[in-house]
Amino acid sequence: MTNKELADLIFPDITKTVADYEALYPERDLSENAKVTRYAPSPTGFMHIGNFLAAIIDYVIAKNSGGVFFLRNEDTDQAREVEGAVEYIRHVLEHYKLNPDEYEYKDTLEQKGSYGPYIQSKRKEIYHAFIKHLIIEGKAYPCFMTQEEMDAAREAQTKDKRRIGIYGKYAKYRYISNEEAAERINNGEKYTIRLRSEGDFNRKFKFNDLANGEMEFPENDIDIPIMKSSNLLPTYHFAHLVDDHLMRTTHVVRGQEWMSSVPIHYELFKTFGFKMPKYVHIPLILKKDGDKVRKISKRLDPEARMTYYEEKGYPIYAVIEAIMTIANSNYEAWREGHPDADFTEFEFSPKKMSKSGALFDLDKLDNISKNYLSRLKAGEVFDLLDTYTKEYDKDFNEIINKYKEYTINVLNIEREQKKPRKDYASLSEIKNGIWYMYNELFTNVEYNFDTKFSNEDIKEILNTYFNDYYNESDDKDTWFNKMKEMAEKLGYCTNMKEYKENPDNYKGSIAEVSNVIRIAVTSKDQSPDLYEILKLLGKERVLNRIKNI
RNA sequence: GGCCCGUUGGUGAAGUGGUUGAACACACAUGCCUUUCACGCAUGCAUUCACGAGUUCAAAUCUCGUACGGGUCACCA
C-alpha cells in the first residue's frame, strides 16, 4: 500500500494541495521594510498583561514599518474555550485602539483581510491538505498509542534517566506498515497524526532570536503530534507553521515560554522548505511575592488582568506608556524628546528588550498617569470621568452631569498653570478628591478638627470670619489679606517662620486657622486651594454648612 | 533529571575591556518653598555590578566554574 493510498484513506475529501494554497495566499504586496505581525490569542480566558505586552509590541512593529497587524483566533482547543473570551479580547484591543487590520469575528461575522479565515477552527481543510502532503511524503504517520502506553513510555524513560518523549524506539507506530495502519483505521481505532522526525538530538543548530540574539539548540527528534484525534484540528505547532506561512507573517512576537519549542518549529519549517518568520521572544512579567519572584498570575494578582486597569480608570495613554517602558527601557527617553508623538512612531528594538523577566511597577504607572492627567484640560478630564463613571459609578455620573459646568470648574482648580496639581493617578480616585463639593454627597460627614482647638476656639474663628470678614466677591489677594487680619485679631501668628521658631508664643498659626475653615466647609483637612473652593461652593452653600458645626 | 535562558540599587534599567566619581526615570528619605495637601526645587540613596578563579597594564564588560532564579519537556496554547 502506498503512502498516497493511506493519505487518501485518512483524508478522502482533501483535493487541494499545498501548492494550491501557496497560490491562493501569495506573498503580500508590501514595501521592503513593512513587517507583518499578528496577535494570536486562544480564547481561554480574560486577557493577561503578558498577552497585552505582546499585542502592543506586535502593533508597534507593524505600524512603525507601514506593515500589517492582524488578529487570529487560535481556538483549536475547544474543550478549554471560554465563552465571551473573544469578545473581551476584541474589547481590549478597541479600548486601547490597537485595532487589527485583518480580523474575523465568529459571532458577528465581521471580517476583513484576504488571508483568512482568521479563525483556526475554520481552517481545518487547509491543515488537512498540509498533513496529507506530509503523509504522502512519508514524513507523517498515524499513531495509535493509547494514553496508558504513553504513560508507560514516560515512566520507563524517567526510570532509565532518558529524555522524555515519543522518539526513536519509543515511537511505536512510526514503523508499522501502511497496511496495518489502514486496517486499524478501518477498525475505527482512534489515532493522532505524528511528524516522522528526521532530527538528531546530538546535532545542534543555530537560531537567531531578535530579542535574545544567537542561540544554539539540539535538533528536535520527537515525533510530535500535529493533529489531534479528538477534533482533527492541528496542534499549536502545526497551526503556527501553516498559518504564519500562509498569512505571510514576518515577525512572531510571543512569550519566552515558547523558546523551548523553537527546535520543533525549526524542523517543521525545514520539512516544508518554508522560510521561518523572525521571532521575538518577549520576557515574562514577574511579581514579587514575599521575597520570592514568580510569574505574574491572573489568579493571584489582580493587576495581571487587563480588566484591572479599566476598572480603576487608568487612561489608556498611561497604560500604554507604562507597558512600552517595559518593552523598551529607552522608550522614556524617546518620549521626552517626542512629547506629542504617537507611540507607534517609536522604533521598537527587540535587542533592547530585557532578557530576564521584569516586574511591572504600579508606582511607575501612577506617576505616568498623574503627569498625563495633570496636563489635560478640565473639560477633557470631565469627558474621561463621564465615560468612566457611566460604566462604574452611575450615581456619581448623574451628579457630575447635573452640574457639568460646575464640575469642570472644580476639576479646573489649580490646573491650568505651569505646574498643575498631580492629584489623580486614575479616574477612580477623582471622586474621593471632590465629593465634598456636592451637597448630594455631603451628608453625614464627620469633622475632625485639630484637637488643640476647643469648641469655643472653633466657634470664635468661624463666627469672626464669616460675620466680619467673609465676602464672596473678594478677589484672591483681598481674601488672603482678610484671613491674615482676622487671624491676627484673634491672636494667631500670621508669619509661619516666626511661628515655627516660637510656637509657644501663640495660640496657633494662620495655617491652623485656615484649616479650621477648610474642615468646616469640606470636612477634610487637606484640599486644593481654599479660596477657589469657597468661591465655587458659593456663599449660600458655605453658610449653610457652617450652621451645622 | 534533559534542554534552553538569565543574574547591575527597593523597581524599570544605561553601560559590551580604559573621561564610570556605575547614567536616567520611578519609589523612598531629608531639607527648602508654602495658609493644608499637592506641585516645584535641592540633597541623599549600589565604595560596586550573584560568588570564585582566570585572561589583561586595565573587567560590570572576555573565559571557565559554582550558586541562585526562570522557562520547557501534553492529542494546552
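Reader: How many nonpolar, polar and charged residues does the surface near RNA strand B have?

Author: A residue is near a strand if its C-beta atom, placed from the backbone, lies within 6 Å of it. Ala, Val, Leu, Ile, Met, Phe, Trp, Tyr, Cys and Pro count as nonpolar, Asp, Glu, Lys and Arg as charged, and the others, Gly among them, as polar. Here the surface has 24 charged, 21 polar and 20 nonpolar residues. This is a predicted model, in which local features need pLDDT of at least 70 and side-chain atom pairs pLDDT 80 or more, while totals for chains, interfaces and linings use all residues. Residues are numbered from 1 along each chain as its sequence is written, and chains are lettered from A and ligands numbered from 1 in the order in which they are written.

Reader: Which residues are closest to RNA strand B?

Author: Of the 65 residues surrounding the RNA, the closest are Ser 354, Ser 356, Lys 419, Met 483 and Ser 514. Elements giving two or more residues to this surface include S13, S14 and helix H19 (476-489); helices (H or I, at least four residues) and strands (E, at least two) are DSSP runs, numbered from the N terminus.

Reader: In what order do the strands S12, S13 and S14 form a sheet?

Author: Two strands pair if DSSP finds at least two bridges between them. The open sheet has the order S13-S12-S14, with mixed pairing. S13 (292-295) and S14 (358-359) are the edge strands, each with a single partner, so one side of each lacks a neighbour in the sheet. S12 (residues 285-289) runs antiparallel to S13, joined by 4 bridges; Lys 287 has Arg 294 in S13 as its bridge partner.
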